[in-house]
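Open the model in your viewer and keep the selection tool at hand. Each stop names what to select and then says what is there.

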There are 2 protein chains.
Amino acid sequence: MPRKPAYNRDTLIAQARDIFWRHGWAGTSLKDLERELKLKPGSFYAAFGSKDALYALAMERYAQDGVANMMALAQDLGPLEALKAQPRLVVEASELPTKACMLSKTYAELQARGHELAGQARTHMIAMKTCFADLFRRAQKAGEIGAEHDPVRLAARYQSDLLGLRLSAERDDVNAAEIAADIAADLDRL
Amino acid sequence: MPRKPAYNRDTLIAQARDIFWRHGWAGTSLKDLERELKLKPGSFYAAFGSKDALYALAMERYAQDGVANMMALAQDLGPLEALKAQPRLVVEASELPTKACMLSKTYAELQARGHELAGQARTHMIAMKTCFADLFRRAQKAGEIGAEHDPVRLAARYQSDLLGLRLSAERDDVNAAEIAADIAADLDRL
DNA sequence: GCCTTTCTTGAGCGTTCGCTCAAGTATATA
DNA sequence: TATATACTTGAGCGAACGCTCAAGAAAGGC
């Protein structure tokens, strides 16, 4: 009996992710979302409930894709080569809304006010770090890196370097490709 | 003939820097500033002109102090030891409003909208990077690091690592001291 | 003590914010 | 075709935003 929505929910979430990713939480107004998603306020709130609820969905999508992408890369190249390739891939990716990590941007913007979305960003970053640690552990088991290293510590450093790289890649005064190459080179010395 | 202001301008700028640093541009309202600086709207606008003008002053103060601090450290320890010490000092500093870099936070928040303050943050970050490059150059001349390295490239990587470290240091799930130690250890292998 | 000059005060401007809701429209079922 | 059940629309709510300005208070120079 009912009527179907004129929009595709998953598409809208992906669109919202890109807008939030680029402009941040406070930098994105409902007017912006209504214009880009082509939804009037009523439809928007019927579909998602609130700006924050949509932001949470967008961030979840972002995090899931990030982990899936890393896993697929490891499937293709093996764990160490995947970790080495990722910095270059991020810098070279031209279709991203922005180079900086959406999770770190969210965390940096909202943590001081104790916003709930900052906590969710933190959770997603931990999942990503765990994914990195798994890859380091697998590389270690495969004998690709020395047994004296702690995979969790390597993962924390790697994630930190990646966050810095992605921030740097936003700047036109920085040669991000060089930094990416140097991060990858460091992994070969482990 | 005139009447003196009841406030100290430099103190207010330092206070504003800490508030902006912690909460960001959109995250800080005039109400917040009026409350913390104990200034009514009229006095505020007579003194600083606008929220953005005060933000620019705050960021300038932040950047000047950053370079001065690095220079003083190099004076005490020499260039390489200063670069090695800085990561640990940032992580251990307990009096900072927040660990993340104010310039990178500003840039990440406002760059996508083309805000003028993002451009100013960019300029200050370039100055900081130039300061790092100088120290690497001096370390190289002193024979502390190999002649095959490019000081500018080292500076870009170092700044990127530092930005990542400072973002990571905001998170309670990360052992930032370990990352800081690893960054310093990398400098010894140059 | 008076006058001039500046600083301080706070009510309130116009705008934008996230969001609500009642009325209208389209569609799957009976 | 009639009806029930969504979805769509857009005017507009109360609150918060950055900011203005006229009136009052304080302090140096004479």
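This is a predicted model: local features need pLDDT of at least 70, side-chain atom pairs count only at pLDDT 80 or more; totals for chains, interfaces and linings use all residues.

Residues are numbered from 1 along each chain as its sequence is written, and chains are lettered from A and ligands numbered from 1 in the order in which they are written.

**Stop 1: DNA strand C.** Select DNA strand C and the 23 residues that surround it; a residue is near a strand if its C-beta atom, placed from the backbone, lies within 6 Å of it. Among the closest are A:Pro41 and B:Gly42. Now color helix 2 (30-37) and helix 3 (41-48) of chain A and helix 3 (41-48) of chain B, the elements that give two or more residues to this surface. Helices are DSSP runs (H or I, at least four residues), numbered from the N terminus. Helix 3 of chain B gives the largest share, four residues.

**Stop 2: A:Ala58.** Select A:Ala58, one of the residues with the most contacts inside the largest nonpolar core. A:Ala58 touches A:Ile13, A:Ala16, A:Arg17 and A:Phe20, leaving aside residues up to four places away in sequence. Contact here puts C-beta atoms, placed from the backbone, within 7 Å.

**Stop 3: two helices of chain B.** Select helix 5 (residues 79-92) and helix 9 (residues 176-188) of chain B, whose axes come within 8 Å and cross at roughly 175°. Axes are lines fitted to C-alpha atoms, for helices over the stretch in contact, and angles run from 0 to 180 degrees between N-to-C directions. Helix 5 of chain B is therefore roughly antiparallel to helix 9 of chain B (angles over 145 degrees count as such). Residues where they meet include B:Leu83 in helix 5 and B:Ala180 in helix 9.

Conventions
A nonpolar core is a set of buried Ala, Val, Leu, Ile, Met, Phe, Trp, Tyr and Cys residues joined through C-beta atoms within 7 Å. A residue is buried if 20 or more other C-beta atoms lie within 10 Å of its own, exposed if 12 or fewer, and partly exposed in between; C-beta atoms are placed from the backbone. Two residues are in contact if their C-beta atoms, placed from the backbone, lie within 7 Å. Angles under 35 degrees count as roughly parallel, over 145 as roughly antiparallel, 65 to 115 as roughly perpendicular and the rest as oblique.
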